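Hi,

Here is the structure I promised to pass on. Have a look at it first, and then read my notes below.

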Amino acid sequence: SVPPSSLAQALLANRGPAQRRALAKAITLLESTRPDHRAQADALLTELLPHTGKSFRLGISGVPGVGKSTFIEALGLFLIARGHRVAVLAVDPSSSVSGGSILGDKTRMEHLSMDERAYIRPSPASGTLGGVAEKTREAMLVCEAAGHDVVIVETVGVGQSETAVAGMTDMYCLLQLPNAGDDLQAIKKGVMELADLVVINKVDLDAAAATRAQAQITSSLRLLGYSGHSHGPHDEQVWHPQVMQLSALKNQGLDRFWAAVAQFQKLQTANGKLAARRQQQAKDWMWERIHAGLRQQFAASLAVRGVLDDRTQQVLQGRLAASTAARELLHLFSGSDPNLSNG
Ligand code: GDP
């Protein structure tokens, strides 16, 4: 296989088919489970890191059918026409649960995927949400090193994947249908709190409903205290979540959407929140992977496996306190090092 440094060179070099092949190769390397590949991938990431971070990272989520593919394709074409290079990545943990992918099973973004200024990568299929998210974060870094200045990360509006995507992007956008306002219960509160921008799509189908939805979602954002109007003076230096309408299918409103993104980027760069968000994300990512790694090692530990069933039974039968069992298992896991067994 290609040594990482020449792969890095090909990625950082002039644009063209060689760079595209290098990009695909690098992402395949990142997604490989072979330990030697993992070592190469880590070396590659370290080499590329100084060349990353210069893109705008945009998260897009919404329930199946809301128009994510249509919107991202239209936006991608809009952006490349204005000189941007776009990467589209996906986080779809459903593929490991149901065996079928919600995002990836149809022919998607046909026009955008044929354009060499765009790079589209389906969701990695590996195991847990944490694993899928990790691969996507790494793919994002590689795309940035290859000069993609807008990275769009897409996910479905089910489960925890939305939190994961909001946690790896600069701005998180929630797509809604025009009738969303009629049933605000359907919009999970936790997701609304994540949204920097709520986009009501398919306004061409029912303009009146879309306007109603916009008013209702705007007022619920105010109730949550996110739009700033209800609590003291409106701070012009900080981005407040907004709601807008558009039609991805009719290509209407993309310019307004991108103007809002630009405004977000300008404000949050000037007030330092964008940089702070990225730092926090990087730190959270590190700890998330440490926790995942520890869980895996714990489950694989022979010392733990020897007694785990027995202690579990004792806890179930009320003969051992859960915390006592946990302390003993952690002690067995960490072996003789007392510093590791204080849990
Ligand atoms: P996804 O599952 O969220 O990716 O949704 P798709 O992009 O596949 O869109 C689902 C359906 O909605 C498709 O038939 C699209 O053509 C349609 N659609 C998407 N955006 C719009 C829109 O703005 N207006 C209308 N009328 N239909 C749309």
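How far is an oxygen atom of the ligand from an N or O atom in the side chain of Ser-69? The distance is 2.8 Å. Before I go on, a word on what you are looking at: this is a predicted model, where local features need pLDDT of at least 70 and side-chain atom pairs count only at pLDDT 80 or more, while totals for chains, interfaces and linings use all residues. Residues are numbered from 1 along each chain as its sequence is written, and side-chain values use heavy atoms, with hydrogens and water left out.

Back to the ligand. It is surrounded by 16 residues, where being near means having a heavy atom within 4 Å of it. The closest are Gly-65, Lys-68, Ser-69, Thr-70 and Asp-204. Gly-65 uses its backbone: an N or O atom there lies 2.8 Å from an oxygen atom of the ligand. For Asn-201 it is the side chain, with an N or O atom 3.1 Å from a ligand oxygen. On its own the ligand has 580 Å² of accessible area, and the protein covers 77% of that (Shrake-Rupley method, 1.4 Å probe). By type, the shell splits into six nonpolar, six polar and four charged residues (Ala, Val, Leu, Ile, Met, Phe, Trp, Tyr, Cys and Pro are nonpolar; Asp, Glu, Lys and Arg are charged; the others, Gly among them, are polar).

Next, the helices (DSSP runs of H or I, at least four residues, numbered from the N terminus). Helix α3 takes in residues 35-48, so 14 residues, and spans 20 Å from first C-alpha to last, close to the 20 Å expected (1.5 Å times one less than its number of residues). His-37, Arg-38, Gln-40, Ala-41, Leu-44, Leu-45 and Leu-48 of α3 are buried (under 20% relative accessible area; exposed is over 50%, partly exposed in between, with a 1.4 Å probe and protein chains only). These residues sit on the same side of α3 because they cover an arc of only 160 degrees around the axis, taken from the directions from the axis to the C-beta atoms. Pro-35 and Thr-46, on the other side of α3, are exposed.

Two glutamines are worth a look too. Gln-9 lies in helix α1 (residues 4-12) and counts as exposed because its relative accessibility is 56%. Gln-19, in helix α2 (residues 17-31), is buried, at 5%. Its side chain makes a polar contact of 3.2 Å with that of Arg-85 (N or O atoms within 3.5 Å, one able to donate a hydrogen and the other to accept it; residues adjacent in sequence count only if both atoms are side-chain atoms).

Cheers
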